[in-house]
Amino acid sequence: MSFDPSSRSRLSSHDLHRFAQDSLFCRVARVLCEANCVPRKELYEAWEVARRARRRFRGGRVVDLACGHGLVAQLMLLLDDKSPSALAVDSKLPPSASRVNECLSQAWPRLRGRVQLVEAELESIALDAEDVIVSCHACGSLTDQVLGRALLVRAKVAVLPCCQATGKSDLGGLAGWLDPALAIDVTRAAKLRAAGYWVHTQTIPAEITPKNRLLLAGP
Ligand SMILES: C[S@@+](CC[C@H](N)C(=O)[O-])C[C@H]1O[C@@H](n2cnc3c(N)ncnc32)[C@H](O)[C@@H]1O
């Protein structure tokens with residue numbers, strides 16, 4: 001049977017043999033298998049977002065908004081040690097978020113003390129122009145809030161939107177031509193351009209998630 005990267009099954013010690021290589025991805029995956037609390041899909045999504053974001057955004061404090069386990073934040077630090085710290089924010093952190101941080105910090109002691117997990121509404125977080133803001137699957141209009149916060153301080157931003165909400169997000173008048181979810185994402189990109197940002201669009205592999213449009217932008 002093939003190993004489905006979109007599965008929501010929890011990674012566990014039964015999966016260790018699937019990650020036998022000596023790559024950073026496999027080493028992280030093995031730690032998460034031992035942690036026994038992270039859905040498989042979350043690992044693959046976070047990895048694809050973090051490595052693409054890191055190709056364009058080096059250094060800076062990483063701010064992972066609507067972070068879940070805060071995996072993107074921690075992968076961003078592992079992929080580029082020039083970032084001093086990461087702030088991972090969620091209005092309801094999963095109980096296992098601190099366990100994930102502890103397991104990763106045991107495997108990579110340089111992470112210890114550099115990742116702050118904060119339970120808060122993302123609107124309440126103070127941001128800075130030097131920050132690198134990331135958000136993986138901030139549902140519906142939450143992605144608009146993330147982009148709005150980034151724009152306010154002129155910070156770099158990477159989002160992987162999902163659950164686009166036609167009632168709440170701007171379709172930019174494009175719904176006559178484009179699928180509504182695509183119209184919303186295209187309008188988001190256009191707004192960033194209109195605000196003087198460069199915009200780069202990519203997709204992560206659809207076999208991980210069909211909500212796979214990655215929007216990267218910076219001032
Ligand atoms: C679909 S999950 C994504 C979690 C994680 N980024 C991932 O990719 O697995 C969306 C997250 O947004 C969080 N959330 C919802 N509203 C929020 C808000 N106003 N501020 C911060 N986090 C919020 C939820 O608690 C949830 O963990």
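# A walk through the predicted model

Helix H3 is largely enclosed by the rest of the structure, because eight of its nine residues are buried. Buried means under 20% relative accessible area, exposed means over 50%, and partly exposed lies in between (1.4 Å probe, protein chains only). The buried residues of H3 are Leu71, Val72, Ala73, Gln74, Leu75, Met76, Leu77 and Leu78. Helices (H or I, at least four residues) and strands (E, at least two) are DSSP runs, numbered from the N terminus.

This is a predicted model, in which local features need pLDDT of at least 70 and side-chain atom pairs count only at pLDDT 80 or more, while totals for chains, interfaces and linings use all residues. Residues are numbered from 1 along each chain as its sequence is written, and side-chain values use heavy atoms, with hydrogens and water left out.

Next, the core. In soluble globular proteins, nonpolar side chains tend to be buried together. Here the largest nonpolar core has 49 residues. Phe19, Val28, Leu32 and Leu104 have the most contacts inside this core. A nonpolar core is a set of buried Ala, Val, Leu, Ile, Met, Phe, Trp, Tyr and Cys residues joined through side-chain atoms within 4.5 Å. At least two residues of this core come from each of helix H1 (24–35), helix H2 (40–56), helix H3 (71–79), strand S2 (86–90), helix H4 (97–107), strand S4, strand S5 (156–162) and strand S7 (213–218). H1 gives the largest share, nine residues.

Valine 28 touches Leu43, Leu75, Leu78, Leu104 and Trp108, leaving aside residues up to four places away in sequence. Contact here means heavy atoms within 4.5 Å.

Now the ligand. Which residues are closest to the ligand? They are Ala66, Asp90, Glu121, Leu122 and Cys136, from a shell of 14 residues. The shell divides into seven nonpolar, three polar and four charged residues. In this sorting, Ala, Val, Leu, Ile, Met, Phe, Trp, Tyr, Cys and Pro count as nonpolar, Asp, Glu, Lys and Arg as charged, and the others, Gly among them, as polar. Strand S4 (residues 132–139) supplies the largest share of the shell, three residues.

A backbone N or O atom of alanine 66 lies 2.7 Å from a nitrogen atom of the ligand. For cysteine 136, a backbone N or O atom is 2.8 Å from a ligand nitrogen. For leucine 122, the distance from a polar backbone atom to a ligand nitrogen is 2.9 Å. The protein covers 74% of the 600 Å² of accessible area that the ligand has on its own. Accessible areas come from the Shrake-Rupley method with a 1.4 Å probe; for residues, only the protein chains shown count as cover.

Stay on strand S4 for histidine 137. Is histidine 137 buried or exposed? Histidine 137 is buried, because its relative accessible area is 16%. A polar atom of the histidine 137 side chain lies 2.9 Å from the backbone oxygen of lysine 211. A polar contact is a pair of N or O atoms within 3.5 Å; within protein, one must be able to donate a hydrogen and the other to accept it, and residues adjacent in sequence count only if both atoms are side-chain atoms. Beyond four places in sequence, histidine 137 touches Lys41, Glu45, Leu160, Pro161, Cys162, Thr209 and Lys211.

Most residues other than glycine have a negative phi, and most peptide bonds are trans. Arginine 154 has a positive phi near 65°. Arginine 154 sits in the loop between helix H5 (142–153) and S5, and is partly exposed at 36% relative accessibility. Cysteine 163 has a positive phi of about 50°. Cysteine 163 is in the loop between S5 and helix H6 (180–194), and is partly exposed at 42%.

Last, tryptophan 198, in strand S6 (residues 198–203). Tryptophan 198 is partly exposed, with a relative accessible area of 34%. Tryptophan 198 and glycine 218 are 20 residues apart in sequence, yet 5.5 Å apart in space, C-alpha to C-alpha. Leaving aside residues up to four places away in sequence, tryptophan 198 touches Arg56, Phe57, Leu216, Ala217, Gly218 and Pro219.

How values were computed
Near = heavy atom within 4 Å.
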